[in-house]
Amino acid sequence: MTELILGLILFLGAHSVRIVADDWRTQKMEALGEKAFKGVHALISLLGLYLLVVGYGEARLQTVVVWNPPTATRHISLLLMLFSSILMVAAYIPRNHLKIRLGHPMVLSVKVWALSHLLANGNLADMLLFGGFLIWAVLNFKSARARDRMQSAAVHGVDGSPEEDESQVQPKMQATLFAVVGGAILWALITFVLHAKVVGVAPMG
């Protein structure tokens with residue numbers, strides 16, 4: 001459990017600098033150089049990820065039950081994972097409706113992923129892991145949207161919003177369809193193949 005908590009602190013902490021200290025991040029990047037700063041960031045993130053994975057694997061074996069999810073929430077979790085997969089794919093396909101409308105589909109994907117796993121798992125290790133990621137995603141999305149508004153105001157001289165800025169970019173239905181179909185394929189691959197092989201748990205039972 002200690003390794004899991006330390007891994008969460010390192011990994012999520014490294015990815016929270018822009019949330020809590022964006023100006024400090026800019027100063028350090030200018031002082032150290034972008035490559036050096038990102039190198040240190042990557043090392044901390046990798047160490048945190050390693051501790052997180054190892055710690056979660058060991059903590060799961062302790063089986064400290066916080067609550068027993070009913071069958072209904074497990075079904076809801078599967079549906080939420082479909083949305084999460086679509087959002088994840090949408091983050092990498094330019095000019096799709098989801099990316100233009102939401103602005104940060106990857107962060108939203110993490111948020112939905114964490115929520116879906118909280119609904120389907122009731123052990124203490126699950127609460128710490130997925131609860132930590134859910135809180136991070138909520139704060140990260142709020143911070144990112146605030147930066148979007150500030151950048152819009154700097155460019156246009158008014159208090160704009162990401163939707164207003166991106167309205168000049170016309171979304172393509174073909175790109176949106178690719179995101180939805182690609183997300184559905186990713187969801188099926190994870191649900192029926194990868195989750196059982198990698199995690200050791202079959203979502204469909």
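User: Hi! What should I know about this model before we start?
Analyst: It is predicted, so local features need pLDDT of at least 70 and side-chain atom pairs count only at pLDDT 80 or more, while totals for chains, interfaces and linings use all residues. Residues are numbered from 1 along each chain as its sequence is written, and side-chain values use heavy atoms, leaving out hydrogens and water.

User: Why is the F11 and F133 pair called tilted?
Analyst: Because the planes are at 45°, with the ring centres 6.0 Å apart. F11 sits in helix α1 (residues 2–14) and F133 in helix α8 (residues 124–156), 122 residues apart. Helices here are DSSP runs (H or I, at least four residues), numbered from the N terminus.

User: Are F11 and F133 buried or exposed?
Analyst: Both are buried. Buried means under 20% relative accessible area, exposed over 50%, and partly exposed in between (1.4 Å probe, protein chains only).

User: And what about Y56 and F130?
Analyst: They form an edge-to-face pair, 6.1 Å centre to centre with 75° between the planes. Y56 is buried at 14% relative accessible area, and F130 is buried at 5%.

User: Which residues do ring pairs link into a cluster?
Analyst: F11, Y56, W113, F130 and F133.

User: New topic: where is L189?
Analyst: L189 is in helix α10 (residues 173–198). L189 is partly exposed, at 41% relative accessible area.

Technical notes. Helix = DSSP H or I, 4+ residues; strand = E, 2+ residues; numbered from the N terminus. Phe/Tyr/Trp six-rings, centres within 6.5 Å; stacked < 30°, edge-to-face > 60°.
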